[in-house]
Amino acid sequence: MDTTAQRPITIAILAMGGEGGGVLAEWIVDVAEHAGYIAQMTSVPGVAQRTGATNYYVELFPKHGAKANSPAPVLGLTPMPGDVDIVIASELMEAGRAVQRGLVTPDRTTFIVSTNRVYSMTERIAMADGRVDSTALLEGCKSAAKRIIHGDMAQLAEATGSVISAVLFGALAGSKALPMQRMAFEAAIHRGGVGVKASIAAFGAGYASAEGAPVPVKAEPPVLTHISPALAPLMAEAGSYAEPARMFVRAGVERLADYQDVAYARDYLDRVKAIAEIDRRHGNGSGMLLAETARELALGMAYEDTVRVAELKIRPSRFERVRAEVQAADGQIVEIAEFLHPRVQEIADTLPAGLGRWLLKTGWARGFVERFTRSGRVVKTSTIRGFLQLYFIASLKPTRRRSLRFANEQAFLREWLATVQTIAATNYALATEIATTRTLVKGYSDTHERGRRNYDMLMQMLPRIMETPDPAAALAALRKAALADDTGLALNIAIKDIRPLPQAAE
Amino acid sequence: MAERSFKEEVEKLKLGDGDEFHGEGILAVTKALLQSGVSYVAGYQGAPISHLMDVLADANEILEGLGVHFENSASEATAAATLAASVNYPLRGAVTFKSTVGTNVASDALANLASGGVTGGALVIIGEDYGEGSSIMQERVHAFAMKSQMWLLDPRPNLPSIVKAVETGFELSEASNTPVMLMLRIRACHVYGRFTTKANKRPEFTLVDALENPRRDLSRIAMPPMTYVHEKDKWEHRWPAAVKYVEDHRLNEFFDGEASDIGIVLQGGVYNTTIRALMLNGLADAYGDSKIPLYVMNVTYPLVDKEFVRFCAGKKAILIVEEGQPDYIEQAVNTILRRADIQTKIHGKDMLPMAGEYTGGVVREGIRKFIAKTRPDLIPGDAPSSEVAPLKQRESKAALSVSTEVHGRPPSFCTGCPERPIFAAMKLVERELGTHHVSADIGCHLFSIFPPFNVGATTMGYGLGAAGASALNVKAGKRAISMMGDGGFWHNGLTSGVGNAVFNKSDNVLIIVDNGYSAATGGQDIPSSFHPHANRGTQHSIETAVRGVGVTWAKTINNTYDVALMRDTLKEALTTKEKGPKVIIAHSECMLNKQRRIRPLWRKAADRGERVVRERFGVDADTCTGDHSCIRLSGCPSLTIAPNPDPLRREPITKVINSCVGCGLCGEGSHAAVLCPSFYRASLITNPTGWDRFKDRIRSAIIGFFQRRIERKLAAA
C-alpha cells in the first residue's frame with residue numbers, strides 16, 4: 001500500500017485558560033481510541049491557564065491503516081499552518097487568532113467556532129465603546145475555512161447548565177468531520193464520569209446546532225412600557241418626527257416623564273422642536289443634528305442624581321431583574337445590598353439651590369456633614385430599613401426642580417443648546433459634533449467631573465477648532481482622544497496637534 | 001493541596017510487567033523512576049514539570065511501600081543538593097525542576113555535584129520551558145550541561161523513548177560517575193501517549209543502609225587539591241566512559257534513507273516535528289520512513305565524534321536541526337569534522353532560524369531549503385510546496401481582515417483573585433502620592449504589569465522582588481515598592497530580599513502576597529499554607545519569619561479585599577517616619593484553590609438541605625453610564641461589558657457575569673474610589689431556614705405595599 005498517502009487527522013483547539021479545552025481534547029482522544037485510532041494530544045498551558053489564550057493539539061491515526069509490523073506512526077506536536085483538518089475555537093476572537101496564525105485553510109479546514117465574545121482587556125477598559133468588529137471577525141473566519149460551523153455555544157452551555165467544551169464536543173460530532181458515530185462521542189462523555197447529565201444535554205445542543213438548529217434566543221427580563229393617557233399626546237408628537245430622530249425623541253419623552261413628570265417631558269419636546277426648526281433651516285436633510293441633540297438632550301435632562309438612583313433601585317421591576325440575573329430558583333431567597341457613597345457634593349446637590357450653595361461654601365457646615373460621608377454606605381434594599389431609606393430619598397423627586405443640581409444642569413444644557421444652535425447656522429456638521437460631544441459629561445463623582453472638565457476644554461477650543469480645514473472631524477478626533485484614557489494624556493497630545501488652515505497660520 | 005488531583009493517575013504507577021500505561025509524558029517519567037529502582041526523588045514545581053511533583057505528592061503511600069523517599073524541596077538548589085546522597089552511596093536519586101530558571105538556582109549544587117562525581121545514578125529531570133507558550137526568559141539548558149560537564153539526554157518525544165531515557169540515564173550516570181540531565185520540552189511533558197510498563201523495583205541499597213553505615217570518600221569532596229583532580233578525571237575518565245556507554249548501548253539512533261549522499265542530524269526532541277516536515281515535503285511517510293538518512297541524537301552532550309564521522313562518510317552535506325541559540329551543536333560538529341578532515345558541508349542555522357521554537361512550519365521550510373540546495377531532484381512536483389499553504393493563507397484577505405480585530409490575550413488574575421485588590425489599592429495610592437518605582441517578582445502577581453494595572457518595572461527572578469529594589473535605597477522623596485509572593489518568599493526571598501533589606505538598612509516597602517499556596521505553579525503547599533498537612537509542616541507565619549530576621553515595621557492584612565485598608569496601610573508604609581524596611585503581608589486565600597476547596601462542600605451541604613448562602617455582585621444597567629472605571633480598577637474576568645439596553649446610549653454597559661464568586665472587590669472598590677452607585681451584592685440563600693422565610697414574608701409584605709404605591713405613581717405619570 002502507498003504509505004505516503006496516509007496521514008493523521010489533525011485537530012487544533014484554541015481556547016482560554018479555565019474553559020475546559022483540555023477536557024475537550026481528552027474526550028476527543030477517548031472517542032478516537034475506542035474507535036481504533038492511535039491518539040496523541042499535547043498542549044502548552046503554562047501560565048496561559050490563568051485566563052490567557054491557550055491551545056491544544058490532537059492527532060489521530062487509524063490503527064488498521066498501520067503498515068504490517070511497522071513501528072507506531074510518528075505524530076506531530078505542533079499544528080502546522082496549512083495542515084490542520086479541524087480547528088475548534090471556543091470564542092470568536094480566538095477563532096480570529098486561529099485564522100491569523102494560518103491554521104485555518106480553505107483547502108482543508110473544518111472550522112468550528114463559538115461566536116460568543118469574551119471581551120479582551122483592551123475592549124473592557126475603554127472609556128466608551130472599545131469593542132472590535134465581530135462581523136469582520138466572523139466574515140474572516142468564513143472566508144478562511146473550507147467549511148465553517150458557528151453559533152453561540154456559550155449560550156447553549158448556559159441554557160443546558162453545562163460548560164462550553166461539551167457543546168463544542170457536540171458540534172464536532174454534529175459536523176461529521178470525524179468518522180465516529182454520535183453514540184461513540186456520547187459514550188466518551190459517560191466514561192468521563194463527571195457532570196455526565198448536563199454534559200450530554202450540552203452535547204446534544206451542540207450537535208443540533210452543527211446540523212443547523214437555530215440557537216434559542218435568550219429571554220431578556222421584560223421591560224414594562226405602558227403609556228399613560230397624560231403622556232399619549234406627547235408620544236404622538238414625538239412620533240411625528242422622522243427617523244433617525246423619531247426613536248430618540250420617543251425614548252426621550254418616555255424617559256423624562258419617568259424621570260420627573262409629564263411637564264418635564266413637555267419641556268423636552270419644546271426644546272427638541274426648536275432644534276428641529278434649526279435643523280430644517282440649516283440641515284442637509286440627514287436630520288443628524290436633530291437626532292444627536294434629541295438623544296443627548298434626553299440624557300442630559302435625565303442626569304443621574306441621588307433621587308434617580310434611589311428611585312431606580314427600589315422599583316419592583318428592578319427586584320425582579322436582580323432575581324433573574326443571579327438565576328434565583330423558586331424557594332431561594334435573594335437579599336440585595338447597594339454600595340453607595342454620597343458625598344457633601346451630592347447632598348448639597350439634592351438640597352434647594354440656595355441651601356445647597358450655602359452648605360458647600362460654609363466651612364463648619366461642610367465639615368460637619370463630611371464627617372458622616374467619609375466612607376461609603378452599604379444599604380440593604382431588601383430590608384425594610386434599607387428600603388425606606390432609599391424610598392425617602394426617592395420621594396424627594398417633587399423638590400428636584402428646586403435643587404442645586406437641577407439649576408446647574410439646566411444652565412449647562414441651555415449653554416450647550418445655544419452653542420449648537422449658533423454654530424448650526426454656519427457649520428451644520430460641527431454643530432452635530434458639538435451635540436454629540438455632550439456625551440463626555442456622564443457618570444458620577446470623579447468620572448463626571450473629569451467629563452465636564454474635558455467638555456469645557458473642548459468648548460473653549462471651538463474658535464481654534466473652527467480654524468482647521470475640517471472642524472467637525474477635528475472636534476470628533478478631540479472627543480475620541482478625551483475618551484482614550486482617564487489621565488487626559490491623549491487629549492493633551494491631540495490638542496497640540498490641532499493645526500489651523502495654512503492661510504490662517506500666516 | 002495542589003490545583004489538580006492525581007488520585008487516578010497514581011493508580012497507573014502500580015502497573016506491572018507488560019501492562020499498558022496511557023497518560024501524560026511527565027507521568028510516564030514518574031512511572032519510569034519507580035521501574036528504575038530509584039531511592040529518593042525531590043524537586044521544585046513549575047511548568048512543565050509541576051505534574052511530576054503533584055503526582056508524587058499524591059502517591060505517598062505507594063512510594064513508602066517501595067521505600068522511596070519524596071521531598072518537596074524548598075528550592076531548586078535544595079533539590080540539586082539532595083543528589084549528594086548519591087555521591088558516596090549506590091543510591092539512585094532523581095530531582096526535577098524547570099529550566100532554565102530552576103537550573104540557574106541549582107547551579108551551585110550542580111557544579112559541586114558534577115565536580116566530585118557520583119556513585120549512584122543521579123538524574124536531573126529538566127522541563128525545558130523554551131518556545132511558544134513559555135512562561136520564562138528564553139535560554140537553553142544545554143549550556144549548563146556543558147559548563148558543569150553533565151550529560152544531556154534529549155529523547156524522542158514519545159513515551160517509550162522518554163521512559164527508556166530515564167532507565168538508561170541512571171545507567172549512564174553510574175557508568176561515568178557523572179550526574180545526567182534529562183531534558184523534556186513543554187509539549188513532550190504534556191504529550192499524551194502510551195508505553196508498556198515494567199513492575200516497580202525496590203532499591204537494593206536503601207537510605208536506611210546509608211544512614212546506618214555512613215561512608216565518606218575525600219576524593220569526591222569539592223575542595224582543593226581534589227577539585228583539580230576532578231577536572232582531570234572529568235576529561236580523562238568520565239567523558240570517555242560516557243561516550244563508550246552511549247555508543248555501546250546505541251542511545252543515539254541512525255535511520256537509513258535512499259538519498260545516502262545527504263543527511264539530517266537532529267536532537268531527539270525535535271524528531272516528530274522533523275518527520276512531519278519531511279512528510280509534508282514528500283520525503284517521508286507517517287511511520288518515519290524517510291528518504292533522507294537521519295542521525296537522531298537522544299544524547300546531545302557529549303557528542304560522539306565517531307558517530308558523526310560514520311554518518312558523514314560519503315555525504316556531501318548534512319543539515320543540523322538544533323533548536324535554540326547559540327548553535328552549540330553545530331559549532332561542535334564543525335570542529336569534529338575539521339579534526340577528522342571530512343569535507344561534508346554543514347548546514348543548520350543558515351537554513352533554519354537561529355532562535356525560537358522549531359515548530360512544524362519552520363522546520364518544513366528549513367528542510368525544503370536544504371533539499372532544494374543539495375538534492376533538488378528529490379522535491380516531487382506534486383508535493384505540497386512548503387510555504388505555499390501558510391504564506392498564501394497569511395496574506396489572504398481573511399487573515400488580514402481579522403488581524404486588526406484580534407487583540408493579544410495575556411494571562412491575568414483569575415475571577416475573584418485576592419491579589420487584584422492589592423493592585424487596585426496601589427492605583428488609588430498612585431492618585432494621591434504619585435507613581436513609585438515598583439520592583440516585581442515571579443508569580444501570579446506579575447500579571448500586574450499588564451493592563452488594567454500597568455504596575456511593575458522589572459522582575460529579576462523568583463523571590464527576588466525585594467532584591468531588585470536594593471540599589472534604590474537612598475534618601476529620596478519617594479520609596480520603592482517591591483512585590484514578592486509567599487512562594488518566592490520561602491524559596492529565597494526571606495534572605496535575599498528581607499534579610500538583605502534589614503542588613504542594608506533599606507527604607508523601602510515590601511508587599512508579600514500571601515495566598516497560601518505556590519499558586520502560579522499549580523497551587524502546591526508551602527510552609528505558610530494555612531491548612532494542616534499530613535506529610536508536610538505547614539501553618540508557619542510569614543510575619544514571624546520576617547520579624548525573626550529583624551524587621552520591626554511589619555503588618556499583616558487578613559482580608560486583601562478591604563481595598564480601603566490596603567490603600568491606607570500602603571500609604572502609611574510609604575510615608576511613615578520609622579526607619580528600616582516596611583513589610584506588608586497581604587493575606588487572602590488563592591481564589592482558584594479556595595473555590596476548588598469549598599464548591600464541593602457547598603454542593604454537598606445544599607443537597608443535604610442545609611442553608612447555603614452564595615454571594616455575587618451585579619450592576620444596574622439603568623444607572624451604569626458605561627465609563628468602565630470599575631473595570632480599570634479591577635480587570636476581573638467576571639466583570640465585563642454588554643450591549644447597552646438603553647436606546648439613548650451607545651457605550652456598552654458594565655456587566656457582572658454569573659462566574660462571579662462574590663469576592664467583594666467590586667463593592668469595596670466602588671466605595672474606596674467613590675466610583676458609582678450601580679454595584680449591588682446579591683446574597684442567594686438556598687434552603688432558607690424558617691426564620692429566613694418569616695423575615696422574607698414580612699419584608700415582601702411591607703416593601704410590596706410601598707412598591708405598589710410606586711407603580712401607581714408611575715402609571716399616573
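In this predicted model, Glu91(A) forms a salt bridge with Arg409(B), the closest N and O atoms being 3.0 Å apart; a salt bridge here is a side-chain nitrogen of Lys or Arg within 4 Å of a carboxyl oxygen of Asp or Glu. Glu91(A) lies in the loop between strand E4 (86–89) and helix H2 (92–100) of chain A, while Arg409(B) lies in the loop between helix H18 (397–403) and helix H19 (420–433) of chain B, so the pair joins two chains.

As this is a predicted model, local features need pLDDT of at least 70 and side-chain atom pairs count only at pLDDT 80 or more, whereas totals for chains, interfaces and linings use all residues; side-chain values use heavy atoms, with hydrogens and water left out. Residues are numbered from 1 along each chain as its sequence is written, and chains are lettered from A and ligands numbered from 1 in the order in which they are written.

**Salt bridges**

- Both Glu91(A) and Arg409(B) are buried, where buried means under 20% relative accessible area, exposed over 50% and partly exposed in between (1.4 Å probe, protein chains only).
- The two residues belong to a network of salt bridges that links Glu91(A), Glu94(A), Arg97(A), Arg117(A), Glu123(A) and Arg409(B), and the structure holds 80 salt bridges over all chains.
- Within chain B, Glu236(B) forms a salt bridge with Lys232(B), with 3.3 Å between the closest N and O atoms; being 4 residues apart in helix H12 (residues 226–248) of chain B, the two are separated by about one helical turn.
- Glu236(B) counts as partly exposed because its relative accessibility is 44%, and Lys232(B) is likewise partly exposed, at 43%.
- Asp646(B) and Arg649(B) also meet through their side chains in a salt bridge (3.7 Å, N to O); Asp646(B) is buried, with a relative accessible area of 11%, and Arg649(B) is buried, with 14%.

**Strands and sheets**

- An open sheet is formed by 4 strands in the order E8(A)-E7(A)-E24(B)-E21(B), with antiparallel pairing; strands are DSSP runs of E with at least two residues and helices are runs of H or I with at least four, numbered from the N terminus, and two strands pair if DSSP finds at least two bridges between them.
- The edge strands of this sheet, each pairing on one side only, are strand E8 (377–380) of chain A and strand E21 (612–619) of chain B.
- Strand E7 (residues 333–340) of chain A pairs with strand E24 (residues 679–686) of chain B in the antiparallel sense over 6 bridges, and Ile685(B) in E24(B) is the bridge partner of Ile333(A).
- Strand E3 (residues 53–62) of chain A is mostly covered, with 9 of its 10 residues buried.
- E3(A) pairs in the antiparallel sense with strand E1 (residues 9–16) of chain A over 8 bridges, and Ile11(A) stands opposite Val58(A) in E3(A).
- Strand E2 (residues 37–43) of chain A is joined to E3(A) by 7 bridges and runs antiparallel to it, with Ile38(A) opposite Phe61(A) in E3(A).

**Exposed tryptophan**

- Trp364(A) is found in helix H17 of chain A, and Trp364(A) counts as exposed because its relative accessibility is 62%.
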